[in-house]
Amino acid sequence: MSVERGPISQFIEKNYLHFNAASLVDAAKGYEAHLDAGGKMMITLAGAMSTAELGISLAEMIRQDKVSIISCTGANLEEDIMNLVAHSHYKRVPHYRDLSPQDEWDLLENHYNRVTDTCIPEEEAFRRLQQHIHKIWKDAEQAGERYFPHEYMYKMLKSGVLEQYYEIDPKNSWMLAAAEKNLPIVVPGWEDSTMGNIFASYVIKGELKASTMKSGIEYMAYLADWYVKNSDGKGIGFFQIGGGIAGDFPICVVPMLYQDMEIENIPFWSYFCQISDSTTSYGSYSGAVPNEKITWGKLGIETPKFIVESDATIVAPLIFAWILKQ
């Protein structure tokens, strides 16, 4: 007996019948069919989806095993935790399109870093994390240990040192849900995040060694090993939210394995969906249509391919609601 769908899914099925709305439904049904057939799914998070509070829906996707691995920017890795510990200190600027350079400078002077309409408080968010993560980095180095950026974040969350600061329901933090599952994560280009900059500053000052943090090359090797071990059967799908390095880095693992490693019978990604409002542009990454990825050995001719040309902050929670039968 099939589980009855909730009101969000019923609304989508009734109203989303054409154009981008229909693409949303097709992509959601394709995701669901992929999982039902025994497939696994990677979700990639570009930009600042954590500050858009995607954790409200993504955390439940993780808890219900609807995602097997995540690739995300360093910003998304840290900003979900910042929202967890400093939510009440955030400042929303609904008129952000009208801000003058002086308005922006005033936000800086008041230690607010703006992401679209949302300002992250430096002291309660960045520095609060820095205080605790620095000790974890230092302890690892003194023990002669090395970890990935996400593994240090997991250690911090699992230690309980941040619980005193929690300001949202912990069930709405996707990083907490991921830490509890020990979900595989890859974070390409982590160095350009706030915590990455902070770690680099300790390296420059001679307080930490760069080698204490595992590198992007090691992330690629980690992902390659994971892909080989998990791509049998129905295979692994690729659900891309936005574009950029969070998507381009992991999708390249397939051509690397069979072209550069010369491993035969490596399957293509077996589902592909991109949610993006990027202008279609052949030769770019975020703006290229999925068929261009065939020439790079990332997708096959038969791979189900979907594009939803819309704002990911609107589309992703709706697709997740469908998959969760909400």
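Cys252 is partly exposed in this predicted model, with a relative accessible area of 26%. The sulfur of Cys252 lies 17 Å from the closest cysteine sulfur, which belongs to Cys72, and this is too far for a bond. A disulfide would require the two sulfur atoms to be within 2.5 Å. Another cysteine, Cys119, is buried, with a relative accessible area of 0%.

The account now turns to charged pairs. Side chains of opposite charge can pair when their charged atoms come close. The structure holds eleven salt bridges. One of them joins the side chains of Lys325 and Glu32, with a distance of 3.2 Å from N to O. This pair links distant parts of the chain, since Lys325 belongs to the segment after helix H13 (312-323) and Glu32 to helix H2, 293 residues apart. The two partners may be set side by side: Lys325 counts as partly exposed at 28% relative accessibility, whereas Glu32 counts as buried at 11%.

Helix H2, in which Glu32 is found, covers residues 19-36. When neighbours within four places in sequence are left aside, Glu32 is in contact with Arg5, Trp322, Ile323 and Lys325. The charged members of this group are also connected with one another, as salt bridges that share partners join Arg5, Glu32 and Lys325 into one network.

A second salt bridge is formed by Arg92 and Asp117, whose closest N and O atoms are 2.7 Å apart. Arg92 lies in strand E3 (residues 91-92), and Asp117 lies in the loop between strand E4 (112-115) and strand E5 (118-121), so the pair ties together parts that are 25 residues apart in sequence. Arg92 is exposed, with a relative accessible area of 57%, while Asp117 is buried, with a value of 18%.

A further salt bridge is found within a helix. Lys135 pairs with Asp139, and their closest N and O atoms are 2.8 Å apart. Both residues belong to helix H6 (residues 122-142), and because they are four residues apart, they are separated by about one helical turn. Asp139 is partly exposed, with a relative accessible area of 36%.

The packing of helices provides another view of the model. Helix H4 (residues 74-86) and helix H8 (residues 174-181) pack at an angle of about 110°, and their axes are 8 Å apart. H4 is therefore roughly perpendicular to H8, because angles of 65 to 115 degrees fall in that class. On the H4 side, the residues that meet H8 are Asn76, Leu77, Asp80, Ile81 and Leu84, and their counterparts in H8 are Trp174, Met175 and Leu176. Sorted by class, the contact of H4 with H8 has six nonpolar residues, one polar residue and one charged residue.

The loop that leads from strand E2 (69-72) to H4 contains Thr73. Thr73 is buried, with a relative accessible area of 14%. Not counting residues up to four places away in sequence, Thr73 touches Leu45, Ala46, Gly47, Val187 and Ala246.

Definitions and conventions
Residues numbered from 1 in each chain as written. Predicted model: local features only at pLDDT ≥ 70, side-chain atom pairs only at ≥ 80, totals over all residues. Heavy atoms only, no water. Axes fitted to C-alpha atoms, helices over the stretch in contact; angles between N-to-C directions. Helix = DSSP H or I, 4+ residues; strand = E, 2+ residues; numbered from the N terminus. Parallel < 35°, antiparallel > 145°, perpendicular 65-115°, else oblique. Contact = heavy atoms within 4.5 Å. Nonpolar A, V, L, I, M, F, W, Y, C, P; charged D, E, K, R; others polar. Buried < 20%, exposed > 50% of the residue type's maximum accessible area, 1.4 Å probe, protein only. Salt bridge = Lys/Arg side-chain N within 4 Å of Asp/Glu carboxyl O.
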